[in-house]
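Here's a quick tour of one protein model, written for someone new to reading structures. Have a look at it first, then we'll go through its spaces, a helix and some charged pairs.

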Amino acid sequence: MMRALFKVLVLGGFTFISLAAEAGEYSLVIDRSNVDVGGRSGDTITLNGQFPGPLLRFKEGEDVTIHVTNKMKEESSVHWHGFLIPGEMDGVPGMNGFHGIAPGETFTYRFKVRQSGTYWYHSHSGGQEQEGLAGPIVIEPAKAGGIPASRDYVVMLSDFTDERASAILRNLKADSGYYNRAKRTVGDFFRDVGKDGVAATLRDRLDWGEMRMDPTDLADVTGYTFLVNGKSANANWTGLFKPGERIRLRFINASAMTYFDLRIPDLKMIVVAADGRNVMPVPVDEIRLAIGETYDVIVTPKEDRAYTIFAQSLDRSGYARGTLAPREGMEAPVPPLRPRTQLNMADMGMGSMESMDHGSIAGMDMSHMDHSSMSAKPDASALPEKEDLHPKGWGAGFPPGEKVLSYGDLKSLTPQKDTREPSREIVVHLNGNMERYIWTLNGKKFEEAKPIELKYGERVKLTFVNDTMMAHPMHLHGMFVQLVNGQPAARLPDKHIVSVPPGQSYSVLVTADEPGEWAFHCHLLYHMASGMMNKVVVARMSAEAAR
């Protein structure tokens, strides 16, 4: 039996286990412990006694063996987010014959690493991802070279709460606005009357009321403590540098429910990778980071001073903060939170509600609608599709002149192998009923929906139509999709998360070259738990069936 050679190292605040390449054997132990984070303590999931989980370092081409032992009193699992992996190793209970990891049991994952870049792992059992079962992954490329950098840091963002995930979901089911502490008041009404007039203000209130929505509801859950590598803003995670060095920062949004607007004041970020895949360099001032996304950037601080890594939540309820500094103990000013914005009808692609079919609006009960035709084209009057999906379109509040990364900026560094036109289109409506806190794909909850079936090797266009007032970070397991973002076919960028803003549609291409059963869901944890998930089945056809 092969014996692993362990070397414990520390990188960017994470303890990780480096093993001899020929061993490729790792161990993770899942347990619960009372963890204090920023003065808040809760029954938190740890891995190898750590929160968050240890950084795992693999190498492209490595055959890895990972023993995962569950010491909790509940079933658990580990999913390797963004990995090209055999279906039975993907870690989703109920798919590909995987039944989860029972209490006291050990499950061994075995697979060859077929990619490089920045990824992460997390539970796919209940709300365990929210409760701490997550950690970062860095995969070194098989060939030396790549993106030069003097220092390399993982910066994993997350949202911590001392509430159990099951309690949060119960609260949302009882009242979808339970955590919305910024609802409009009578004072807001009279202020809007003074600004917009009585008629316009009444029309606005009636429009939102008819949809059973609240324009202040940018996030379903608030009250989080936001973390950088498991540290609160006061704890101030710090990455060291020498002036003039090129620093690679690997940003991971490992939150359960939080979008972050990320910037480093006085430092330009050069985006060099998205979701683990190298892209042509893009200089930006800010990135809106969806749940599940990863972006690698290069920064080059030239002054002998500290810089603040500042990631404020979309709803402006708080921020995660870290520091880049030449020496330990240094700090830079922390910017104030920008004002909280509100959605408007234009954000949702509506303009005027008078022309809208209110039956398609997210607040309405859409369970009676027929979305069974998975290959139908969207109606010509459907919500607008954006090739250049830009966050300034949905209540962003970014300052004028600031360059914010958009999907249209992304261009694959290496040519795509498959540039065929799609043979068919599958339309996926993103639906919800806020009153009952039910979220669906094509009007069906996961347990009601028929799987989406793809033939092995076919090229398909997926068009997401967001009929709701919230952005949805859509994630397909097992395969990358290519954004239809206006770049040449050979340079369309790969993504494993596609963030679809409120009231918009967006298309991606996918080559069904990974046989198996693959989870397909919104990466907002409580949306997925409330039904916003389906199964994509990629099947090899027999010669007889193909005729």
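A couple of terms come first. On a 1 Å grid over the protein atoms alone, a pocket is an open set of points with protein on both sides within 12 Å along at least five of seven lines, while a cavity is a set of points where a 1.4 Å probe fits but cannot get out; lining residues have an atom within 4 Å of a point. Grid points are joined across faces, edges and corners, and a volume is the space filled by probe spheres set on those points.

This is a predicted model, so local features need pLDDT of at least 70 and side-chain atom pairs count only at pLDDT 80 or more, though totals for chains, interfaces and linings use all residues. Residues are numbered from 1 along each chain as its sequence is written, and side-chain values use heavy atoms, with hydrogens and water left out.

**The largest pocket**

- The largest pocket holds about 1200 Å³ of space.
- Its lining is made of 39 residues, and E60, Q115, S116, R277 and T414 lie nearest the centre.
- That lining splits into 12 nonpolar, 12 polar and 15 charged residues. (Ala, Val, Leu, Ile, Met, Phe, Trp, Tyr, Cys and Pro count as nonpolar, Asp, Glu, Lys and Arg as charged, and the others, Gly among them, as polar.)
- At least two lining residues come from each of β10 (134-140), β11 (151-160), β14 (247-253) and β17 (277-284). (Strands are DSSP runs of E with at least two residues, helices are runs of H or I with at least four, and both are numbered from the N terminus.)
- β17 gives the most to this lining, with three residues.

**Cavities**

- There are seven cavities of 30 Å³ or more.
- The largest cavity has a volume of about 180 Å³.
- It is lined by 21 residues, with L218, A219, M257, Y259 and L314 nearest its centre.
- By class, that lining has 15 nonpolar, four polar and two charged residues.

**Helix α1**

- In α1 (residues 165-174), the buried residues are A165, A167, I168, N171 and L172. (Buried means under 20% relative accessible area, exposed over 50%, and partly exposed in between, using a 1.4 Å probe and protein chains only.)
- Those residues sit on the same side of α1 because they cover an arc of only 160° around the axis. (The arc is that of the directions from the helix axis to the C-beta atoms.)
- Here's the general idea: an α-helix has 3.6 residues a turn, so residues three or four places apart point the same way.
- R170 and A174, on the other side of α1, are exposed.
- α4 (525-529) is included in what covers the buried residues of α1. (Contact means heavy atoms within 4.5 Å.)

**Salt bridges**

- The model has 29 salt bridges. (A salt bridge is a side-chain nitrogen of Lys or Arg within 4 Å of a carboxyl oxygen of Asp or Glu.)
- One of them joins the side chains of D261 and R288 (2.7 Å, N to O). D261 lies in strand β15 (residues 260-263) and R288 in strand β18 (residues 286-289), so the pair ties together parts that are 27 residues apart in sequence. Both D261 and R288 are buried.
- Another salt bridge pairs D418 with R420 (2.8 Å, N to O). D418 is buried, with a relative accessible area of 16%, whereas R420 counts as partly exposed at 41%.
- Salt bridges with shared partners join R32, D43, E74, E131 and R164 into one network.
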